[in-house]
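Welcome! Here is a short briefing on how side chains meet in one protein model. Take a look at it below before reading on.

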Amino acid sequence: MSEEKFTATLMNPVAKVETEEKITPAARMSSLEGKKIALWWNGQSKGNVALDIIAERLKEEYRVEAVPFRQGWPHGDDVYARVAEAGCVGAVAATADCGSASAWLARDVCALEKLGIPTVMLMAKAFFPICNAEFKLRGLRKASIAVMDHTLTEMTVKDHPFSVLPSENVKTVAEGCYDAVVAGLTSEDDSTDKLVAETRKFVEEEVADERITIEGEGYFDFCNNFNRYFVHHGWGDGLPLVAPTEEAVNRMLGGTKRDRNEVILKMDPGEGLATVEKIAVNCVMAGCEPGCLPVVIGALEAMSKENFCLSMVAQSTSACTPMIFVNGPIAKEIGMTAEGAALGPGKYAAVNTAIGRAVRLCMMNIGHAYPQLRDMNTIGSPNKYSLCACENEDDLPLGQPFNVEKGFKPGSNCVTAIPSQSFMDVEDLESGRPEDLLQTISATIDAVGWPGARGWMGYIHPTPMTVTLFMAPDHARLISKSGWTKQDAKDYMYAKCRRKLWQIRHLIVPRIEDGTICHAHRWLVNAPDDTLVPMFKEPSYVDIASLGGAAGKSALSLNVGRPVTIEIKG
């Protein structure tokens, strides 16, 4: 006997966005002759070289006076006025060739166009989707773009950044952008329209209904159809979802006293309106129970704080992702675990996993950080599906809980958002002294590929790139039984976590020479190769928390911002 048809009405998980007022592109110049043009550089590698090459051509052919502007991100709106105050009547902006850097440069282009300054962006074609998403959000429907073409060199890929090129080839590619720069400054062009037509859809945007009806030949067929529909539209993480029916969402809303229509925040990077209801919809999809909802809301609030750098975490080409870390009685109340396999998989980590998954779905459907649209992660990471745990407050060999250390009252329910780039195991089953154990940990922190290992020197867009050490109880007891405190451990790691200059010279000296590392570190250019360079700025850049089961295996989160702790509201 055939199963009866099954039909259900589901709630749309995608948050609405209040786009800004439409920007009318600045009038283009009839001639470049004798004009003053801004060279707007966002600090991306070799972008300044390309700008200088284009400026030389403009000077030779049109007697243009080029005025350099070096500006990091994030930054305030006051910086744009300086371009007009300098008498510049046009701008060339570089470089849109990374995730969050592209989004910020697109924002810069919108602001300059709004001021009446025609601007051309140098862009790697692979990053057009994120630029266009920012253009649409800010209200600029047409932009002038010069696409880098590496087929002009022996590098055969057409749409990738300057940073992958040898320095001698940057000139060739920059020269190839020159005609597009001149055209973009002097005439309206259709480069945006052409690129839109060539770009595949990463999210299907045609469904605006708040309620979606899905049918199936039976319940199993309904589940397949619903999951296919949501994944096709870009709303899922690729794993099976729980159907967000109105009944399920209402049940989820029972976990908070907040009004379902309350707007918690506008969530970066896409500035979707994070209402309590939309958060609840995504919590249902992730498999959360109602008690998890306040934790997820708190996590999103913590992530919205400036030091967390959500715009960078959400859009980076690195594998950045929030790690959610919970303190207080609420963790046990809702069934979280801090013991073995706390980060999953399995029965005991199920609540942790669901909370972390809900945060990721909110980043996608509320913050509009969809993969390949705004989330430009080069390779991806399984950590992006879920990364969540709570502190083992029943076993704290090194003293007070993490949230108390951050200034909250004992017994308070808190959530910490950690902007993790890399998450690494630290195995040491041999050491019997704090010095030896901390040497193992220090030698794990000094990963040259982590930008914190050099970014603390003052890049054009410096962030407090920190380290979070999740110390297994056995390791923590070894430290505490020797009379060492957390601060002792931090001080020791800072002293030992160093690299010889020859190991990182190739990464930092070019950035010193182009001015993106602050002047105070210029002495490193001529320093001996065996000079020891700290891998993080100071001991306060390390946090230590208790997590895990038996055995001498701890973990490190190498971060691209500073962890943010807030109290959870009901």
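The points that follow cover ring pairs, charges over rings and salt bridges.

This is a predicted model, in which local features need pLDDT of at least 70 and side-chain atom pairs count only at pLDDT 80 or more, while totals for chains, interfaces and linings use all residues. Residues are numbered from 1 along each chain as its sequence is written, and side-chain values use heavy atoms, with hydrogens and water left out.

**Aromatic pairs**

- There are 15 aromatic pairs in the structure; rings of Phe, Tyr and Trp (its six-membered ring) pair if their centres lie within 6.5 Å, and planes under 30 degrees apart count as stacked, over 60 as edge-to-face and the rest as tilted.
- One of them is the tilted pair of Tyr229 and Phe230, at 6.3 Å centre to centre and 55° between the planes.
- Tyr229 is partly exposed at 24% relative accessibility, whereas Phe230 is buried at 0% (buried means under 20% relative accessible area, exposed over 50%, partly exposed in between, with a 1.4 Å probe and protein chains only).
- Phe325 and Phe402 form an edge-to-face pair, because their ring centres are 5.9 Å apart and their planes are at 85°.
- This pair links distant parts of the chain, 77 residues apart: Phe325 is in strand β10 (residues 321-327) and Phe402 in helix α14 (residues 402-405). Helices (H or I, at least four residues) and strands (E, at least two) are DSSP runs, numbered from the N terminus.
- Ring pairs also join Phe6, Tyr219, Phe222, Phe226, Tyr229, Phe230 and Trp235 into a cluster.

**Charges over rings**

- Arg498 sits over the face of Tyr494, 4.7 Å from the ring centre; a charge counts as over a ring if NZ of Lys or CZ of Arg is within 6 Å of the ring centre and within 35 degrees of the ring normal.
- Arg562 lies over the face of Tyr541, at 4.9 Å from the ring centre.

**Salt bridges**

- The whole structure has 29 salt bridges, each a side-chain nitrogen of Lys or Arg within 4 Å of a carboxyl oxygen of Asp or Glu.
- Glu61 and Arg57 meet in one of 3.0 Å, N to O, and both lie in helix α1 (residues 47-62), four residues apart, about one turn of the helix.
- Arg357 and Asp237 form another, at 2.6 Å, N to O.
- Arg357 lies in helix α13 (residues 350-365) and Asp237 in the loop between α7 (219-232) and α8, so the pair ties together parts 120 residues apart in sequence.
- Arg357 is buried, with a relative accessible area of 10%, and Asp237 is buried at 10% relative accessibility.
- Salt bridges that share partners join Arg107, Glu134, Arg138, Glu271 and Arg374 into one network.
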